[in-house]
Amino acid sequence: MTTNSPAYRPIQALPDHLISQIAAGEVVERPSAVVKEVLENALDAGATSITIRLEEGGVKRIAICDNGRGIPPEQLPLAVARHATSKISSLTELENVATLGFRGEALASIASVSLLTLTTRTADAPHAWQIEAGKISPASGAVGTTVDVQDLYYNTPARRKFLKSEQTEFGHCAEVVRRIALARPDVSFSLTHNGKAVDHWNVSAIDKRSAQILGDAFSSARLPLDESAGPLRIHGFVGLPTASRGRADAQFFYVNGRFVRDKLLTHAVRAAYQDVLHGDRYPSYVLALDLDPALVDVNVHPSKIEVRFRDSRAVHQFVFHAVSRALAQTSATAFGTVPAPATAASATAVLSGKTPWIAGEQTTFASQFNTPSPYTNGSQSGYSGTQNYNQFGRRTEQGVAQSLQSYGAFFSNSNSSHNGNENDSGSVTPQDQSPFSTLSSASASRLPDDDHPLGFALAQLHGVYVLAQNSKGLVLVDMHAAHERILYEQLKNALDENAMPVQPMLIPVTFYADAIEVGTVEEHQDTLKTLGFDMAAISPTTLAVRAVPALLKNADAQSLARDVLREVREFGGSRVLIDRRNELLGTLACHTAVRANRSLTVPEMNALLRQMEQTERADQCNHGRPTWVQLGMNDLDKMFMRGQ
C-alpha cells in the first residue's frame with residue numbers, strides 16, 4: 001500500500017494574502033456573513049439609518065450605506081488592515097466588550113476575497129474619502145460610511161462553487177437583516193434585492209418592530225417579559241403556546257444586543273415551555289439578556305454567534321424562571337377576558353416611549369402585571385376554600401388539600417375510563433330538567449362581572465364544550481382540556497411541595513403483572529410513593545394497588561398503575577421525577593380529567609370556570625392547545641350581520 005505523502009518542506013511563514021484568505025474562510029463564510037459584519041460595524045458607529053442593497057443574492061454585489069460617524073481619511077488604510085480596530089486596545093477591554101465588533105479583521109477578510117470600495121465622511125470633513133485597492137482619493141458622499149462589496153470570491157472560484165442558489169443566499173442575507181433589525185428598533189433599515197424593495201422598517205418601538213418582522217400571528221399571541229435579578233435583566237416577548245410553530249424559525253435571543261444561538265439559553269426557554277408545549281412544536285420568542293460584559297465571553301466563535309457565561313447555571317436558572325413566570329400568568333384572572341392577553345393595543349400602551357433594547361432610558365413591563373392575583377382568598381360561586389400559596393406562587397400542602405376537598409366533589413361521578421380520545425362525540429345524557437330551564441336559571445342566578453372573567457355557565461354542547469356568558473360576550477370552553485390542565489397543575493404543585501395527598505383503597509385493586517412490572521414495583525418503591533402510589537407484589541404474577549394520588553382517585557387504578565410503571569421502567573426512578581416529570585403528570589391528569597360526553601350540571605360547569613380562573617397556564621392544555629375562546633358581542637353581531 002502506497003501513500004502520497006507531501007514532499008518535505010521546512011517551516012516557513014505564510015504570505016499575508018494567504019493568511020487573509022484563510023481568515024476570510026472563517027469570517028466570510030457566505031454573503032450573509034458579509035452583511036452581518038458590515039451591519040455590526042455600522043451600528044457600532046452610531047448609525048440610525050441603514051440601507052442594504054443586494055444583487056444576485058449578495059454574490060455579485062453587497063452595498064451597505066449608513067449615517068454613522070464615518071472614518072477620518074488618515075485612518076482608512078488601517079480600517080482595511082488585519083487586526084486593526086478602534087474598539088479594543090487591551091486585554092481588559094477584550095474581557096469587557098461592549099461593542100458588536102472587536103476583532104478588527106472583518107473588512108480585511110472581506111477585501112481579500114472581493115473587490116471592496118469603502119467611501120466615508122465624518123461630520124467635520126468638507127467631502128468624503130474613498131479607499132479602493134489600497135488607493136485613497138476624494139469622493140462625494142454624505143456623512144457616514146458606504147461599504148461596496150462586489151464579485152464575492154472572484155479570486156477563490158473553488159469557494160464560490162460551494163454557494164447555494166441566488167434565492168437561498170438572499171434568504172440567508174435577509175434573515176441576518178431581520179435579526180439585527182429586531183434587536184435595534186431605534187434604527188431604520190431598508191433592504192433591496194436586484195433593484196426591488198424587499199423590506200423597510202422605520203424607527204419604532206419593539207412591539208411594532210417585532211409585529212412587522214414576525215407577523216400578526218405572533219403580535220396577537222405574545223406575553224411581555226421584563227425581569228431583573230442582580231446584574232441580569234431579561235426583556236422582550238414570549239409567544240403563547242397556542243402560537244407555537246412546526247419549526248424553530250421564530251426564536252430570537254440576544255445577549256447584550258448580539259444575536260446568539262446558545263444551547264444553554266435555548267434549553268432554559270424550552271424547559272420553561274415544557275409543561276405547556278409537548279411534542280414537536282417550537283415556541284416563538286424575542287428575548288434580550290443584558291448583563292455585565294465581564295460576565296460573558298463573546299470571543300469563542302469566529303462568527304461571534306456563540307457565547308460563554310461565567311456562571312452558566314445562574315443564567316440558565318434566571319432565564320428559566322423568568323420565562324416560566326411569564327407563561328404562568330396565562331390565566332383568565334391575570335389578563336382579563338381574552339385568551340391572548342398581550343394584544344397589539346395593550347403592548348403598544350405598555351411599550352410607548354424608548355425601546356428597552358438599547359442603552360439609556362428603558363421601558364418597564366412591570367405595569368402589565370399590576371393586575372389582581374389569581375391566588376385570592378375567599379369563597380366564590382361554585383368553588384369554596386381558602387387558597388394558600390408560598391412566595392413562589394405554588395400552593396402549599398394546606399391549599400392543595402382544601403382544593404381537593406372542595407373541587408373533587410363536583411367530579412366524583414365523572415367517567416374515569418381512559419380511552420386516549422378526548423374528542424369523542426355522542427349524545428348527551430338526558431337531564432331531569434329541560435335545557436331551556438337550565439338556561440334561564442343559569443342566566444338569572446348571576447350576571448357576568450369583571451370579578452369572574454370567564455363568566456357563568458349557560459349550557460353544555462354535545463357533552464364536549466361549556467358555553468358561558470361573560471361581560472364581553474360568549475365563552476366556549478373545552479371541558480376536558482381545561483380540567484386536564486387544572487389536574488395537571490394540582491399534581492405538579494403537590495409534587496413540588498412534596499405533599500402529594502394519598503387516597504387509600506377501601507379494597508386493594510389486584511391485577512396480573514409480568515415479571516418486569518413486579519420487579520419495577522420492588523425496585524422503585526420510593527419513586528412510586530413520592531408520586532402517591534402504594535403498590536405491592538402479592539405473588540410472582542400479581543400486583544396490588546393499595547393507594548393512589550387523591551387527585552386521581554376516580555381513575556381506573558389498574559390502567560393508572562400500568563402507565564406509571566411503564567414510565568418508571570423506561571426512564572428510571574430519578575429521571576422520571578426530573579426529565580420526564582411533566583409528561584408523566586400529563587398522562588396521569590388525562591386519566592381522570594372529565595371525559596367527553598360527561599353531562600355536567602350548571603354548578604359543576606361554574607366550578608370548572610372558577611377553577612380555571614385560579615389555575616396557572618389555564619389558557620392552554622398540557623399540549624399547547626387552547627382551553628377556551630372568546631367571542632365578543634361585535635364578533636357575534638358580524639356573524640348575524642346586525643347593524644348592516
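Start at Gly68, in the loop between strand β2 (61–66) and helix α3 (76–79). Helices here are DSSP runs of H or I with at least four residues, strands are runs of E with at least two, and both are numbered from the N terminus. This is a predicted model, where local features need pLDDT of at least 70, side-chain atom pairs count only at pLDDT 80 or more, and totals for chains, interfaces and linings use all residues. Residues are numbered from 1 along each chain as its sequence is written, and side-chain values use heavy atoms, with hydrogens and water left out.

Is Gly68 buried or exposed? Gly68 is buried, at 5% relative accessible area. Buried means under 20% relative accessible area, exposed means over 50%, and partly exposed is in between, with a 1.4 Å probe and protein chains only. What does Gly68 touch? Leaving aside residues up to four places away in sequence, Gly68 touches Ala45, Gly46, Ala47, Val143 and Gly144. A contact here means heavy atoms within 4.5 Å. Thr120 is 52 residues from Gly68 in sequence, yet their C-alpha atoms are 9.4 Å apart.

Next, Lys36. This lysine sits in helix α2 (residues 31–44). Lys36 is buried too, with a relative accessible area of 15%. Between Lys36 and Arg179 there are 143 residues of sequence separation, and 9.6 Å from C-alpha to C-alpha.

Now the whole chain. The protein chain has 23 helices and 22 strands. Of its 644 residues, 50% count as buried. Take the contacts with a separation of 6 or more: residues 24 or more positions apart account for 70% of them.

On to helix α16, residues 479–496. Its 18 residues should span 26 Å at 1.5 Å a residue, and the end C-alpha atoms are 26 Å apart, so the two agree. The expected span is 1.5 Å times one less than the number of residues. In α16, 17 of the 18 residues are buried, so the rest of the structure largely encloses this helix. At the N-terminal end, Asp478 is the cap: a side-chain oxygen lies 3.3 Å from the backbone nitrogen of His480. Just after α16, Asn498 has a positive phi of about 55°.

Helix α21 covers residues 581–592. It has twelve residues and reaches 17 Å from first C-alpha to last, close to the expected 16 Å. Ten of the twelve are buried, so α21 is largely enclosed by the rest of the structure. Those buried residues pack against α16, α19 and α20 (573–576).

Last topic: helix packing. Two packed helices are described by the angle between their axes and the distance between the axes. Axes are lines fitted to C-alpha atoms, for helices over the stretch in contact, and angles run from 0 to 180 degrees between N-to-C directions.

How do α19 and α21 pack? Their angle is about 170°, with the axes 10 Å apart. That makes α19 roughly antiparallel to α21. Angles over 145 degrees count as roughly antiparallel, under 35 as roughly parallel, 65 to 115 as roughly perpendicular, and the rest as oblique. On the α19 side, the contact uses Ser559, Leu560, Asp563, Val564 and Glu567; on the α21 side, Leu584, Thr587, Leu588 and His591.

Helix α17 (residues 515–523) meets α19 (residues 557–571) at roughly 80°, with axes that come within 10 Å. The two are therefore roughly perpendicular. Ile516, Glu517, Thr520 and Val521 of α17 make the contact with Arg562, Leu565, Val568 and Arg569 of α19.

Definitions and conventions. Polar contact = N/O pair within 3.5 Å; in protein donor to acceptor, adjacent residues only side chain to side chain.
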